[in-house]
Each structure stands twice: as C-alpha cells, then as structure tokens.
Amino acid sequence: MFLQRVIRRVLNPYQQFGALPFRWSRNGSLEVMLVTTRGRKRWIIPKGWPVPGLPPHESAAREAFEEAGLVGYADPKAVGSFRYNKRLGPGRQVRCTVEVFPLHVDHQRPHWLEKGERETRWLSAKKAASLVSEPELKKILLSFHPSRHSSDEEGISVSVGDLDRGTDC
C-alpha cells in the first residue's frame, strides 16, 4: 500500500502554478522578479497550490499578489514547467510540478499578505537564472523573451484586479 502511494506520487506529482513576473525597465530591458521562500530564503518565482474556481494562470497571478504584492496581466499560455521537492515538515517532502505563466506586472502594492516574510527583487533574466536552484526554472528564465507589447497583442486577461481594490493587506 505504501509503495503504491510512493509510485503514484512519483508518476503523478502534485500540481502547482507559478507566475513569472516581468516588466520593462526605463531603458527598455526585460526585468523579472524573484521572491525568497519563507523558510530557507532561497530565490524562486511566486508559486502555490491551485485555487478552486480559478483557471491556472489566475491562480498563479493570485500567488504573485499574495507573495509579492504584484498586480498585472497573466497570460493563460504557460511558458514551461519545472519540478521540485516541497518540504512539508521535518523529514517530509512531496514532488511538485509547477506550471509557469508570464505575469506582465502593472504595479506592486505597498503592502501585501506576505511582505514581512519574503524579499522581492527585480533582476535581469540572466541574473535571476543564476540565483535559482531548479535547473528547469533556470532554462525557463534564460529562454523567456516576451514581445514588448505581448499583453496588448495576445489579449492577456487582467488577473487579480479585484484584489487590488479596497484596503491594504
């Protein structure tokens, strides 16, 4: 019974959704945002479990809002996926697959849910790739080249806009 569960989880890892936040700097260069994990303070993209009732790209956008205060436009088309081992407690971990969705950032709120628990940083994609541990995420970062007006051209839906209204977290 235990072995069957282990085999099932290896073949069918837990699913998460992640946002690849990006913007264009004043000089026109691409910047991506990384956040630190709460525990070991490793650099990663905002990611988390699916939100019931939300499509994957909006779940990813919600994670970016909660973890980094980001508001923007999430592309419903993923740019890739990566796997990692998520720690659930002492000696316990599960294998997760993270589907990654571009998030063209409009702005960052001054206050957000996990502000005191994480650090955020805008970086070049190359620098970001040098800071993350997951090899597949490094490849996604290095191959990410959105068009300058991708949100206008592709009709990317507005995500977490409702979260941006009202009081600060």
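Reader: Leaving aside its neighbours within four places in sequence, which residues is Gln16 in contact with?

Author: Gln16 is in contact with Lys47, Gly48, Trp49, Tyr84, Lys86, Cys96, Thr97, Val98 and Glu99, where contact means heavy atoms within 4.5 Å. Keep in mind that this is a predicted model, where local features need pLDDT of at least 70 and side-chain atom pairs count only at pLDDT 80 or more, while totals for chains, interfaces and linings use all residues. Residues are numbered from 1 along each chain as its sequence is written, and side-chain values use heavy atoms, with hydrogens and water left out.

Reader: Is Gln16 buried or exposed?

Author: Gln16 counts as buried because its relative accessible area is 2%; buried means under 20%, exposed over 50%, and partly exposed in between, with a 1.4 Å probe and protein chains only.

Reader: What does the side chain of Gln16 make a polar contact with?

Author: With the side chain of Tyr84, at 2.6 Å. A polar contact is a pair of N or O atoms within 3.5 Å; within protein, one must be able to donate a hydrogen and the other to accept it, and residues adjacent in sequence count only if both atoms are side-chain atoms.

Reader: Switching to pockets: which residues lie nearest the centre of the largest pocket?

Author: Tyr84 comes up again there, along with Thr37, Arg38, Lys47 and Lys86, out of 20 lining residues. A pocket here is an open set of points on a 1 Å grid over the protein atoms alone, where a 1.4 Å probe fits, with protein on both sides within 12 Å along at least five of seven lines; lining residues have an atom within 4 Å of a point.

Reader: And what's the lining made of, in terms of nonpolar, polar and charged?

Author: Three nonpolar, five polar and 12 charged residues. Ala, Val, Leu, Ile, Met, Phe, Trp, Tyr, Cys and Pro count as nonpolar, Asp, Glu, Lys and Arg as charged, and the others, Gly among them, as polar.

Reader: Which strand gives the most to that lining?

Author: β6, with four residues. Strands are DSSP runs of E with at least two residues, helices are runs of H or I with at least four, and both are numbered from the N terminus.

Reader: OK, Thr120. Where is it found?

Author: Thr120 sits in strand β8, residues 120–123.

Reader: How many helices and strands does the protein have?

Author: Five helices and nine strands.
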